Amino acid sequence: MSHALILTDGKPGHENQSKALAEGLGLSFSLLPCRFPGKARKALSYLCDRLGFAPDLAGILPAARAAVSAAREGRPALLIGTGSNTFYSLKLLRRALGIPCVAILMPGGYRLGGFDAILAPAFDNPPERPNLVPIPTNLTPARPDFYAAQTAAFLERHVPARDRAVAVIVGGKNPVADVTPDWLRTQLQAVFAATPGCEHWVTTSRRTSPQAEAVLAEFPFDYALLFSQDRFNPIPAFVTQCERLFVTADSTGMLSEAVAVGHANVEVLDNLTVATGKFARFVDNLCAEDYAHRFDGALGNARRKVNLAPTLAALRDRLGL
């Protein structure tokens, strides 16, 4: 199996997308930490990229050479990076090591040239470029064995008492959204009213506030996992076991997984406080294509799933993997 070297900034939402791409391309992978040592060097990287210079501002080159020489199956076939801390180093290593690279997310501030491919979410309104590949969602794991293992781990924790289950996936505050206790309480009242006779499951995220988590105790959830108390991730089991998923609109990652895996109808709990911008476009696009439905007290019928397999197959051919 060919190998990919993933440059990671350590953020789970970025690293997991890079892993998902490697797996989707049929590549094994190893991780190489990559962050600028300070804001000044990161700012300088934008200028260097514009001027066509490529000094090793992140100190990544020695570690990358060692990682390449230590790769179990010879020189990696591909470099992958997600997030602004990786984009400059991707270009540097592509030039220094002669290995093609793929950037995930729009590399804002950097020239779009110098990447063999850029996987950009459509909600970022990416321009048309030969190396730019629009995708409707974030990349998420697609391996059936991953979901089978995570579901088995979940079922060791909770044995369902009913045949039907629905789940609520709660995010938190960001610059364009919020999860206030009053808003969450109103949403949960509507969810329970719309789904009688079902088991009700819930999980929160690292951004969920203590005040929002406290609201969950007011409702008779059959299974509840609070991120503040337990780092187990039940979402892979939720998307495979539930007939309906209610997901707050503040996380493109959580929504991406909900519309990519399983057979559940997806209901968006719209907590956006800004009606324009990429988050709003993301939800609008999902609803327009019947991948999701904005929950308004009534249930929708949106269980269509995003299939990125053809896009990844075309990318694999383009890269000669």
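Modeller: A crossing of two helices is right-handed if the near helix is turned clockwise from the far one by less than a right angle. In this predicted model, α3 passes α4 in a right-handed crossing.

Biologist: What makes Arg143 and Glu23 a salt bridge?

Modeller: The cut-off is 4 Å between a side-chain nitrogen of Lys or Arg and a carboxyl oxygen of Asp or Glu. For Arg143 and Glu23 the N to O value is 2.7 Å, so the pair qualifies. Arg143 lies in the loop between β6 and α5 and Glu23 in helix α1, so the bridge ties together parts 120 residues apart in sequence.

Biologist: Why does Glu23 count as partly exposed?

Modeller: Buried means under 20% relative accessible area and exposed means over 50%. Glu23 has 25%, so Glu23 is in between. Arg143, at 30%, is partly exposed as well.

Biologist: How do you know that Phe53 is exposed?

Modeller: Its relative accessible area is 54%, and the cut-off for exposed is over 50%. Phe53 is found in the loop between α2 and α3. With Leu44, Leu47 and Leu51, Phe53 makes a nonpolar surface patch of about 410 Å².

How values were computed: Residues numbered from 1 in each chain as written. Predicted model: local features only at pLDDT ≥ 70, side-chain atom pairs only at ≥ 80, totals over all residues. Heavy atoms only, no water. Patch = residues over 30% accessible without salt bridge, like charges linked within 9 Å, V, L, I, M, F, W, Y side chains within 5 Å. Areas by Shrake-Rupley, 256 points an atom, 1.4 Å probe, with all protein chains shown as cover. Helix = DSSP H or I, 4+ residues; strand = E, 2+ residues; numbered from the N terminus. Buried < 20%, exposed > 50% of the residue type's maximum accessible area, 1.4 Å probe, protein only.
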